[in-house]
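Me: I've got a model open and want to talk it through. Can you take me around it, one contact at a time?

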Amino acid sequence: MSVSLLVVQILNGLQLGVLLFLIAAGLTLVFGVMDFINLAHGVQYMVGAYLAAMFVTWTGSYWLGLTLTLPVALAFGLLLEVLIFRRLYGRDHLDQMLATFGLILFLNQAVRFLWGSEPLGVAMPDILSGSIQVMDGLRYPVYRLALIVAGLVIALGLHLAINHTRIGMLIRAGSTHSDMVAALGVNIRRLFMVVFGFGAMLAGLAGALVAPILSVEPGMGDNLLILTFVVIVIGGIGSIRGAFIAALMVGLLDTLGRAFGPQLLRLAMSAAAANQTGRSLAPMLIYILMAVVLFVRPTGLFPVKK
Amino acid sequence: MIAPLLSVEGLTKRFGALLVSDSVTFAVEERELHALIGPNGAGKTTLINQLSGTLPSDAGRILFADEDISHLPLEARVRRGLARSFQITSILPDYTVLENVALAIQARSGSSFRFFGRVGQERALNDEATAVLTRVGLVGRSTARAGTLSHGEKRLLELAIALACRPRLLLLDEPFAGLGQEESQASIALLKELKSDVAIVLVEHDMDAVFSLADRVSVLVNGRIIASGTPDTIRVDPLVRNAYLGDEELA
Amino acid sequence: MTGGTAAAANSSRAWRHPAVWLFAAFLALPIPAHFGANAYILSFATHAVALGLAALSLDLMLGIGALASFGHAAYLGIGAYSVAILSDMGHDDLLVQIPVAIAVASVFAGITGFVSLRASGVYYIMSTLAFGQMLYFLAQSLSAYGGDDGVTLAARSRLAGSHLLASDLGLYYVTLAALIAAYVLLDRIVGSRFGRVLGAVRQNPMRVRAVGLDPFRYRLLASILAGSLCAVAGVLLANQSEFVSPAFMTWQRSGELLVMVVLGGMGRLWGAVLGAICFLTLEEVLPGLTDNWKMVLGALLILAALGRGSRLSQLFKGVGR
């Protein structure tokens, strides 16, 4: 394997990692602060992508479209919170699963109804199109690099917001001692709304950011949701830092495993066997990682509670 | 010299910076009723949790019937004869009173990995459960769903379940909490009767009950045992009188 | 929430009545289907009965043991791929396929359960989901069996050398027999010593520990039992569709199984079967009414979750109590 190929795959892995982080960040807080199992977080990512597709087409500008997407994704999240989610706080996890599973079915079909089944494309902004020379003999698309940078910047911002603002302090307290936060006279309902809306906005943002490089289609969030769960379980529910590290781990392991797994196995077995085994094993790697982490630390790498 | 049934040495528990059990050392003999008293927040329930295996200890040893059980989980300690009741009632609300007790008997008599026989029709389990319920005076409610019992009845059921484990040592965490006068008296009478065949560690705020029942009393303050002895010596111990602001409680 | 069903199951036999009705209806179903000469109804019924068996097995975990597994469809996949792979190797008899499916399911349930059950609450739910997805990707990578596209079975399985399953009616009754046998088995188990412990673990694990029992073992064995029965359902489902693909074990399918159990009323076994029938009927009828039937279905699920009194079994509340 050549060095440039390795670098490309690492960049791809980072890109998947930051994408997973953007989705996982909101979800891990919703789990951690509200003890709420939200299966519908993946469709909120999808809704973000659709909103971006719609607004970019309307305005003819990627940046304007992106700017419009964020508040609408936030508003959409808040709407769901008011209509559905807040009625399910403190209820059995099963009720939450049932309702959010229903929401997945509903929204996957709703986008089909509104925008059709055909995948939509979103035009890339001119300034970020094309590719640049990363190193000798290696060009990498600018947009994808920008995506990685944007993800890292947002992660840093989140880190600062969680650790150095009052609302961040409340969120952290909420995920460890929600009773105490309520006892301090904090409006816990408003805190929940903020966390939920914010999480929905981040997921929507992730959808909007990948819209130019992925096809925007119904169900696009479904499989990503599971990857996000893996990230959250590995990182520890409620932990932004855990979500960040786990997201990068999962992104890199999944990408590199698929790219180099068969080649690595060839060191130990015949080419044909290595190909088949590698192809089977690679997609399972992250789940095996999750199993190992769970086995050693049943509450993830960075447990927040207790 | 015969070793005591339960012997606790230097048992310690920290919650963060807070020292909740501070190298607690004491012993309980066979058939002794040993009361643990102390002001609120002294760490009595934490100590019960450590003794029963509900909560791991940070340091120290627990010897039970000559065996080091410090690192055994709750369920393994119960199987060795160390049963507990909970301060906050812990029962199986969907099951009947009889089923609650029969489960405890089933747990120590034969395998629970039996899949075909109707457990509800096992005479041996039901008869013994009925006997335990008769003893605590709850037999009239055998077929009631446990969740529908009154608070006092639930406390009795909790005690019945612990007894059904047929323990050598019973850890009772405030068994009289929230009981009416009459129910308390009945429970005290019951414990007096039980004393003759099982050792008991009793955490209790009702000083009348403690001093009428206990063979020995240990006083826990801020996680430390500050005094240990017969009720008569504890009653006049200056340290103890000092620990309780206003010593009328002990009069 | 399950309101004393286990207690009722232990102490009374009367509650079985709905099950008797349900199975009697299944037994009689081919008669009108026969006169209507409608192969479609029979095929749908076989599908429903097989998934009813899957839902029934999940109810042992969810309704009796409070284990909200979100990866149960993996066992349907194990059963289905056992048929595809063993038939391909020349072992096309159910007497081989079912034991192999059960063995593989037991091992998978044992290993994943060992990891998942150490975690609790949301961690448990998410890890079962992830393990199910792991198996899904494994199936997707089996290029010899069509990868993502799956593989069409050359023929249905044989039963002890006979071609009973080759006829739709034969397959239907074999599937129904499996469902009834599983029902009787689970009914016994729920009323047994093991079942009493499992029900107690659902209500209050700490209480179970405090009488000297380790909840983990009972949960693990319940997971293995449930996985094994669901694998049998997968074997039958593969025969019904004569086609096997990773789509048998999507996480959405796991979600549907949960929905079936919850809609039917957890912890009463027959409720899960009824829930499966109702859910599948809904899936069959709604598309005839509107193209956007999934929106309707989704909305119904949301409403069902929001309103607690909406379970189908509430209609049958008085029956057998």
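Predicted model: local features only at pLDDT ≥ 70, side-chain atom pairs only at ≥ 80, totals over all residues.

Me: Where do C:Arg209 and B:Glu75 lie?

Reply: C:Arg209 is in helix H10 of chain C, residues 205-210. B:Glu75 is in helix H2 of chain B, residues 74-79, so the pair joins two chains.

Me: Which residue forms a salt bridge with C:Arg207?

Reply: B:Glu158. The closest N and O atoms of C:Arg207 and B:Glu158 are 2.9 Å apart.

Me: How many salt bridges are there between chain B and chain C?

Reply: The count for chain B and chain C is six. Over all chains, the structure holds 28.

Me: Why would such side chains pair up at all?

Reply: Side chains of opposite charge can pair when their charged atoms come close.

Me: OK, the whole interface now. How many residues of chain B and chain C are in contact?

Reply: Chain B puts in 39 residues and chain C puts in 35. The buried area between chain B and chain C is about 3500 Å², with 54% of that from carbon and sulfur atoms.

Me: Which three residues of chain B supply more of that area than any other three?

Reply: B:Tyr95, B:Phe115 and B:Arg118. Together they supply 20% of the area that chain B buries against chain C.

Me: How far apart are the nearest C-alpha atoms of chain A and chain B?

Reply: They are 10 Å apart, and chain A and chain B do not touch.

Me: Now helices. At what angle do H5 and H8 of chain A cross?

Reply: Roughly 165 degrees, and their axes come within 11 Å. That makes H5(A) roughly antiparallel to H8(A), because an angle over 145 degrees counts as such. H5 of chain A covers residues 142-164, and H8 of chain A covers 188-210. The crossing is right-handed.

Me: Which residues of H5(A) and H8(A) meet?

Reply: From H5(A), A:Tyr143, A:Leu147, A:Ile154 and A:Leu158. On the H8(A) side, they meet residues including A:Phe198, A:Leu202 and A:Leu205. By class, the contact has ten nonpolar residues, no polar and no charged ones.

Me: Back to chain B. How do helices H3 and H5 of chain B pack?

Reply: H3(B), residues 97-108, and H5(B), residues 151-164, pack at about 20 degrees with axes 8 Å apart. They are therefore roughly parallel to each other. The crossing of H3(B) and H5(B) is right-handed.

Me: Which residues make that contact?

Reply: H3(B) gives B:Val97, B:Asn100, B:Val101, B:Ala104, B:Ile105 and B:Arg108. H5(B) gives B:Leu157, B:Ala160, B:Ile161 and B:Ala164. By class, that contact of H3(B) with H5(B) has eight nonpolar, one polar and one charged residues.

Key: Residues numbered from 1 in each chain as written. Chains lettered and ligands numbered in written order. Heavy atoms only, no water. Axes fitted to C-alpha atoms, helices over the stretch in contact; angles between N-to-C directions. Helix = DSSP H or I, 4+ residues; strand = E, 2+ residues; numbered from the N terminus. Parallel < 35°, antiparallel > 145°, perpendicular 65-115°, else oblique. Left-handed = near helix turned anticlockwise from the far one by under 90°. Contact = heavy atoms within 4.5 Å. Nonpolar A, V, L, I, M, F, W, Y, C, P; charged D, E, K, R; others polar. Buried area = accessible area lost by both parts, 1.4 Å probe. Salt bridge = Lys/Arg side-chain N within 4 Å of Asp/Glu carboxyl O.
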